[in-house]
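Hi everyone, thanks for coming. Please take a moment to look at the picture, and then I'll walk you through a few parts of it.

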There are 2 protein chains.
Amino acid sequence: MGQGPTITTIAQRAGVSIASVSRVLNGLPTRQETERKVLAAAEELGYVRNAVARSLKSRRTHQVAFAMADVGNPAYLAMLREIQPVLKAAGYRLVLHSTDAVVADEIEVLHSLGERYVDGLIMVPLRVTEAHLAMLASARAPVVIIGSVPEGTPVDNVRADSRTGVRLALDHLHALGRRRIGLVNGPLDTVPGAARGAAYREALGALGLPYDEELVEIGDFYRAEGGRAVATLLDRVPDLDALMCANDLIALGALDVLRAAGRRVPRDVAVVGMDDTDLAAASWPSLSSVSLGSAERGRAAAELLLDRLRHGEREPRLVTVPPHLVVRASTGRAGAEEPRGDAP
Amino acid sequence: MGQGPTITTIAQRAGVSIASVSRVLNGLPTRQETERKVLAAAEELGYVRNAVARSLKSRRTHQVAFAMADVGNPAYLAMLREIQPVLKAAGYRLVLHSTDAVVADEIEVLHSLGERYVDGLIMVPLRVTEAHLAMLASARAPVVIIGSVPEGTPVDNVRADSRTGVRLALDHLHALGRRRIGLVNGPLDTVPGAARGAAYREALGALGLPYDEELVEIGDFYRAEGGRAVATLLDRVPDLDALMCANDLIALGALDVLRAAGRRVPRDVAVVGMDDTDLAAASWPSLSSVSLGSAERGRAAAELLLDRLRHGEREPRLVTVPPHLVVRASTGRAGAEEPRGDAP
């Protein structure tokens, strides 16, 4: 790519000292005539259009990073779809980090803010460790965390409310007359697993239904594992009439297993997923699902970061995005069936 | 974020001239003692860890851009999922550009390579205009194009082969005994629409089947429009026994309409989609689909770019990724049905 213009070649072209070029490019006071010469030379040499020079001058990179665990996860993609245009409209490029669900990678992303390659960071940590908190307290650029952080953490924060989300789903199933409502959850040592398990128990209580641990089965947040957990649950509790699934992939696994077992959805068993991904509308029957507002959380995070970049220091803000239930065929009222497709 | 170290403060700390600092940071020959002093001062001031400074020094940004039309499109996401880890493993950050299907945005991305904020670019243009070719001929950084470019364009190029893909699908449907095979296509003035239309006609010829324009319906590349086109086609040709759909969203629309019309899939009508997105496996019946190798194309593009960044000038390369057919339930052999689910 050849040798680009440098502070030295600009000084030669402008007929001024290297120190003068440095002063101008760093925005320090300079004689007007000197400044004019330097900027003219820099422009002739293409230096003004150079992001590196602009960055040296303004300490701004016009870049923002988004860090999440897995670029293939639909919930993160829903965030990305909103973050990207908001930042683009404000003149920022988006740098994407996928941390592969490795905490050390997240810490490295926070650490690398010291390199000043971005003006700010939006991060969705898997869980918030002591190392995270230490890095956040000394972050070299503004950070917005999507997820829960302890009170007093000096960053803007955007949260979902899965507790209310589970409550919405169970209220809906209860209103449909379902009373034997199973929970198929992911591991309890994950933040969402623990939160959804507790929310299920609480929501049952609010509805006056007993908590029965027989009705709870733990698998993992994937389709095949979710399906296996549902099969186990069906064997143990043949009379269950509804399933609350901790995400949409588990719910797709539930549909597979119920179909194979000859249980009709929703007539025999109503099914609700969580996250309201694109897969929910594509499945058949289409899947009722609790939206935790991934898109809205992404947009809120981008807007908080832009506000911080524009206005500098201020008190950290917390935005909680309310959930909503999207009702589709998997909990539709029974008895009004469409003609059936077949499958081999 | 305060005033960071500058070339001036480094010169003060090192006790050398600003010109000397500039020479060292630009990698020009300098007395060893001067270089040592400058690098020590720069490190003490945190300047060495600054990506901007590193970039000024090495003319490398350790960033690569990926530009595509729409961050929500599953085919681009499949590419992104492969591109990201390949670049990450090689120490590059990924900058994401979504051009919103606007040619001017693509040209702007190519133009902005002059700002040297990335070391290279992977782009999926919607179509390649004269303006693209002019920018590509004078690009300030290596570019890999995913899509077709005219012969002689001085960039590395990765292509799909939808012609062979359509052929694979029609061979499969023919082998299943289907002879009235409809095509539901997107607009013919798009590159994929034109290519898939021509490939359908050619594949029929190779199978000894007549081309019947009654069997072709044009809609758009979305589910609802695809479904409407299928409904029109079914009205006109009630005896069709298979549908080749120009993408998976059209095929999902076809499943909706066939189900509503009481036509069983695949017994009455077999359905094949294209692109093999995540939606194909999530639908029910699951959807047979032609994979055009989005993931493989993304990986090939990332590897071509890394090779170019490592080895500099060489002849442009062309990689064509072969398609493959993923057979699922929507073309499975009839007569071996699973128990049915129901839907309201």
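This is a predicted model: local features need pLDDT of at least 70, side-chain atom pairs count only at pLDDT 80 or more; totals for chains, interfaces and linings use all residues.

**Cysteines and domains**

Is Cys245 of chain A buried or exposed? A:Cys245 is buried, because its relative accessible area is 0%, and that is under the 20% cut-off for the term. B:Cys245 is buried as well, because its relative accessible area is 0%.

Now for chain A and its domains. Domain 1 covers 7-58, domain 2 is made of 63-160 + 294-321, and domain 3 covers 162-291. I'd like to stay with domains 2 and 3 of chain A.

How far apart are the C-alpha centres of these two domains? For domain 2 of chain A and domain 3 of chain A, the distance is 30 Å. Where they touch, domain 2 of chain A brings five residues and domain 3 of chain A brings four residues. Between them, about 380 Å² of area is buried, and carbon and sulfur atoms give 51% of that.

So what holds our attention at this contact? Between domain 2 of chain A and domain 3 of chain A we count one salt bridge. Look for A:Asp278 and A:Arg81: they form a salt bridge, with the closest N and O atoms 3.3 Å apart. On the side of domain 2 of chain A that touches domain 3 of chain A, the residues split into three nonpolar, no polar and two charged.

Key
Residues are numbered from 1 along each chain as its sequence is written. Chains are lettered from A and ligands numbered from 1 in the order in which they are written. Side-chain values use heavy atoms; hydrogens and water are left out. Buried means under 20% relative accessible area, exposed over 50%, partly exposed in between (1.4 Å probe, protein chains only). Domain bounds come from an automatic or database domain assignment. Contact means heavy atoms within 4.5 Å. Buried area is the accessible area (1.4 Å probe) that two parts lose on being put together, summed over both. A salt bridge is a side-chain nitrogen of Lys or Arg within 4 Å of a carboxyl oxygen of Asp or Glu. Ala, Val, Leu, Ile, Met, Phe, Trp, Tyr, Cys and Pro count as nonpolar, Asp, Glu, Lys and Arg as charged, and the others, Gly among them, as polar.
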